[in-house]
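Biologist: I am new to this structure and would like to learn how to read its features one at a time. Could you show me the model and then take me through it?

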Amino acid sequence: MTLKTIVKGKVTGKVLKSSQPINFLGSVDKKTGAITDQKHALFGKKIAGSILVFPNGIGSSVGAYTIYSLKSNNSAPAAMACQKADLTVASGCALANIPLFILSPDEYDSMKDGDEISLG
Amino acid sequence: MELTKDEEKSLNGEHGEAMQTAYRILSATGEATDAEKLVPIHWAHVSGVNYNTIGDAGEEFLATISKDAKFRVRTTVNPMGYDKDSVEKFGLDENFIQKQESIRESYKKMGVTPSFSCIPYEIYDMPQEGTQVAFAETNAAIYANSVGKLKTNKESAFSALASAITGKSPYSDLRKDDSPTMSIAMKVSDPNELTFGLLGYFAGKVADKSVAISGVKNLDKRCNKSLCASMGTSGTCGKFVLDDNSDASEKVDFDEKEMQKVYDELNTTESGDLITLGSPQLGLEEMTDLASMLKGRAFKKRCLIFCPRTIQEQARHMGYAGQLESAGCELMSDCCTCLTPLVTKKDVDSVTTNSIKGAYYLKNSNGLDVNLKPLSEIVRDETS
């Protein structure tokens, strides 16, 4: 079960799952949506159009602008789903109108990379 | 989260679009952090000023919201992309300067105090302990909670902006419960500011909201700032306490081995083409200290020093700015090492710095190699 809906919306899409937290400012290209941090589990992948499943956001408070920019550049995920919410991801998704869900531990564990799922 | 009738009206757009946007952000962040209400805050520090980080979408958003938003509480801002006194030396294009000036103008229209600094805690008097503030810049939020004994969430650029516009912030996270759930034992002997930076990066990775650190008596300003900045880079942790007797349930050690791991993750070269000092920006104490370390010496390479404008002016009046410049330093204000558009692959391949936060973003955002060294070694190796 989805524990909480932070930003509402209905969405169907393919899961892109990250085992690591994401620093949006430091590791995501705001134009293309590619993960640029070579040490990140998703290095080289593009988050655009996916249902991005990751533990939580970390790092710079300006990451919220990165999320907003991704949306403006048509490179944003279709939705995000996290283990725990942080203020950077919550506020970025709120302003960009990207559906954001907090998942229960079971649901989080059961989501696999590449799964087709519906949320909301 | 419960809203008052008036807050509800704002969320429904009855007090204009800017107010509605601000309440939409606060509702989401309040919901995300299980806040039951909004509380008044007395000072907002907003990030998202540098065109290099917020881009066209950010610039347009600020231009739009500033048409009818006004800051309700004192609001200071983070560094922008350059120092207008030296911008022509760095070859930024016309578009960058035009967009950056538009961002500056938007903040001005909303009533900002034009600090352009990531160390508001060093250039303004701190309010009394326990005061509720909303600081976005991560090093400043952690410093405010840990050293200044203020209360702030580790705000985002948008949540702090929303707090500046409404004068309120969700009563959540660190405002409510800031007791550490983890204690880290500092086991590295003879630590310097780089050691504390590495400790902070480690702490940010392993700790959640608030962390206790044992084995450290007290920290000078340079070490405190280094710890706060690196902790903010690697995680979500928004506070530390120095406590040898913490009752936190989880305990971990930070020893030479752990330190080396973090160092190896961030240090990518043994020498830099250029030196940068200041992420966070340097305060007056650090400037005067550096001036005395550099007596009779001069840098053999280009060395950029980032500090707030008010600090540079004070240092100039007191003669320290001149001493630093004689030793080959270039003083830069209103901007910072972190996410700077001024140090790029066009000119250099690598940078030497003592800042973990600077290193992380110089590597990941600017694509440069980084050589990490404490200040004492930078002065020893890079001056003659």
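Modeller: We will look at the contact between two chains and then at one residue.

Modeller: This is a predicted model, in which local features need pLDDT of at least 70 and side-chain atom pairs count only at pLDDT 80 or more, while totals for chains, interfaces and linings use all residues. Residues are numbered from 1 along each chain as its sequence is written, chains are lettered from A and ligands numbered from 1 in the order in which they are written, and side-chain values use heavy atoms, with hydrogens and water left out.

Biologist: How many residues does the contact take from chain A and from chain B?

Modeller: Contact means heavy atoms within 4.5 Å, and here 31 residues of chain A and 46 residues of chain B take part.

Biologist: Which salt bridge does Lys4(A) form?

Modeller: A salt bridge is a side-chain nitrogen of Lys or Arg within 4 Å of a carboxyl oxygen of Asp or Glu. The rule finds two across this interface, and in one of them Lys4(A) pairs with Asp34(B), the closest N and O atoms being 2.8 Å apart.

Biologist: Is Lys357(B) buried or exposed?

Modeller: Buried means under 20% relative accessible area, exposed over 50%, and partly exposed in between (1.4 Å probe, protein chains only). Lys357(B) counts as buried because its relative accessibility is 6%.

Biologist: Which residues is Lys357(B) in contact with?

Modeller: Leaving aside neighbours within four places in sequence, the contacts of Lys357(B) include Glu137(B), Thr138(B) and Cys338(B). The C-alpha atoms of Lys357(B) and Leu339(B), 18 residues apart along the chain, are separated by 9.8 Å.
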